Amino acid sequence: MVDPEVSILLHCAHWRGLLDNQVQVELSDRFNRQTDPFLERHINKVWTERLSKEPWLFNGAKFRLHSFCLASPEHHCCFRSDRAEQQGDHRGGSEAAQDCVDIINGCIVQTTDGGGVNQKVLSHSSPTCSCSKSQLAPAEYHPSSLFTLRLGLTCYKDYLGTNWSCKVAELRQRGQEEFGDPLALLAQPLGVGAVLCTRDGQVVFIRRSQKVAEAAGLLDIPGGHPEPKAVCEHLGEGAGEEQISVVMMQQRPDAIVSELFSSVCAEIRDEVNIPLSSLGAPVLMGVALNHTSAGRPSAEFYVSCSLSSDEVRTLYWKGGAEANESTDAIFLCRTEVLQLNRSSPLWSEMCPSAKGAVLLYQMVKPEGKPSK
């Protein structure tokens, strides 16, 4: 099923999703976007123009997804063929084989370009991986970890001035020509989203308000971003959004993993008004790319809820901290969600983040994932 608005960067179907103790993070300034004075002037101009129209905008720090390392179910498997199947590629024979890359010794590194993903096969026997020895140092390896996120820092201002810029095609071309990476100049903030399933088997969608900046009026899932500021506060590092730096968090990558997983539950609490005590442990299904914003990545989770759909509906209408961001809650049974596709009438009402999460849910089928 090909949808030009969304694609799947990776999925964790072999493990039926990953828990937080199976994920690790490497944070470094090396994973920040590239820049130059011309681009900074452009970003400042875009931000000034947006502020003049929307003075309530807030420039918060975000994590930037640079690349990742995902363990292989077997020593030799074909990652790109899985990806082709996700995108509805049913070519056979030699054409499909050209898209196949063996994963040697269990790891593959991949950058987040939705159009022709850059990937490098690792032929060494180390259980860690790196893009190139001159560019990246191997992350500290934890035996239980199956997935390593390589993150830098970015911010909302940079996102509007790059991913949402009218010059984004030019920035992608420059990134490819100057750095060998079409995403090198883009902010690429990492988002989070949740397929939230109630006790009686209903998946919760929300109708976005007409007043939000993106995808107004469309169906979405609860979601947002993991916040560097929350990590700094947890570590006792008080700082304003624009003073946040990699060095404040670099020695505690576990705190970043914790924020990644806990932030999706916080978004459910704030947007749907469900108490955290009623939510199960988030299960990471994979990462989807939103091509309406130049391939912005979002980590999509499955989260179970101990409340019924009627109880959730009642709480939603009482209003949470971010009740103004949506106007209605819509419930679909699991079977309906598993059957959604481009021919479904509801598909055209869904924003890209919801589509990506649904595609991952259909691939991973995370119900029954064992807890820690």
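Tutor: Lys365 counts as partly exposed because its relative accessible area is 45%, where buried means under 20%, exposed over 50% and partly exposed in between (1.4 Å probe, protein chains only). The residue lies in the segment after H10, and its phi is positive, about 45°, although Lys365 is not a glycine. Helices (H or I, at least four residues) and strands (E, at least two) are DSSP runs, numbered from the N terminus.

This is a predicted model, in which local features need pLDDT of at least 70 and side-chain atom pairs count only at pLDDT 80 or more, while totals for chains, interfaces and linings use all residues. Residues are numbered from 1 along each chain as its sequence is written, and side-chain values use heavy atoms, with hydrogens and water left out.

A search of the whole structure gives 6 of them. Tyr302 and Tyr361 make a stacked one, with 6.2 Å between ring centres and 15° between planes. The criterion takes rings of Phe, Tyr and Trp (its six-membered ring) with centres within 6.5 Å; planes under 30 degrees apart are stacked, over 60 edge-to-face, and the rest tilted. The two tyrosines connect distant parts of the chain: Tyr361 is in helix H10 (residues 352-364) and Tyr302 in strand S12 (residues 296-304), 59 residues apart. Tyr361 counts as buried because its relative accessibility is 0%; Tyr302, at 7%, is buried too. Elsewhere, Trp47, Tyr156 and Tyr159 form one aromatic cluster.

The structure has 19 salt bridges, each a side-chain nitrogen of Lys or Arg within 4 Å of a carboxyl oxygen of Asp or Glu. In one of these, Asp3 and Lys355 meet through their side chains at 3.2 Å, N to O. This pair also joins distant parts of the chain, with Asp3 in the segment before strand S1 (6-11) and Lys355 in helix H10, 352 residues apart. Lys355 is buried at a relative accessible area of 5%, and Asp3 is buried at 7%.

A second salt bridge joins Asp158 to Arg33, their closest N and O atoms being 3.1 Å apart. Here too distant parts of the chain are linked: Asp158 is in helix H4 (residues 156-161), Arg33 is in the loop between strand S2 (23-27) and helix H1 (37-53), and 125 residues separate them. Both Asp158 and Arg33 are buried. Through shared partners, salt bridges connect Asp3, Glu5, Arg342 and Lys355 in one network. A further salt bridge is that of Glu26 and Arg30, with the closest N and O atoms 3.2 Å apart. Glu26 is buried, at 11%, whereas Arg30 is partly exposed, at 36%.

Helix H5 (residues 168-179) has 12 residues, which at 1.5 Å a residue should span 16 Å; the end C-alpha atoms are 16 Å apart, so the two agree. The expected span is 1.5 Å times one less than the number of residues. Buried in H5 are Val168, Leu171, Arg174 and Gly175. These residues lie on the same side of H5 because they cover an arc of only 115° around the axis, the arc being that of the directions from the helix axis to the C-beta atoms. Ala169 and Glu177, on the other side of H5, are exposed. Just after H5, Gly180 has a positive phi of about 70°.

Asn273 sits in the loop between helix H7 (253-272) and strand S11 (283-290). At a relative accessible area of 22%, Asn273 counts as partly exposed.

Gln202 belongs to strand S8 (residues 202-208) and is buried, at 18%. Leaving aside residues up to four places away in sequence, Gln202 touches Leu196, Cys197, Ser309, Phe331, Leu332 and Cys333.

Key: Contact means heavy atoms within 4.5 Å.
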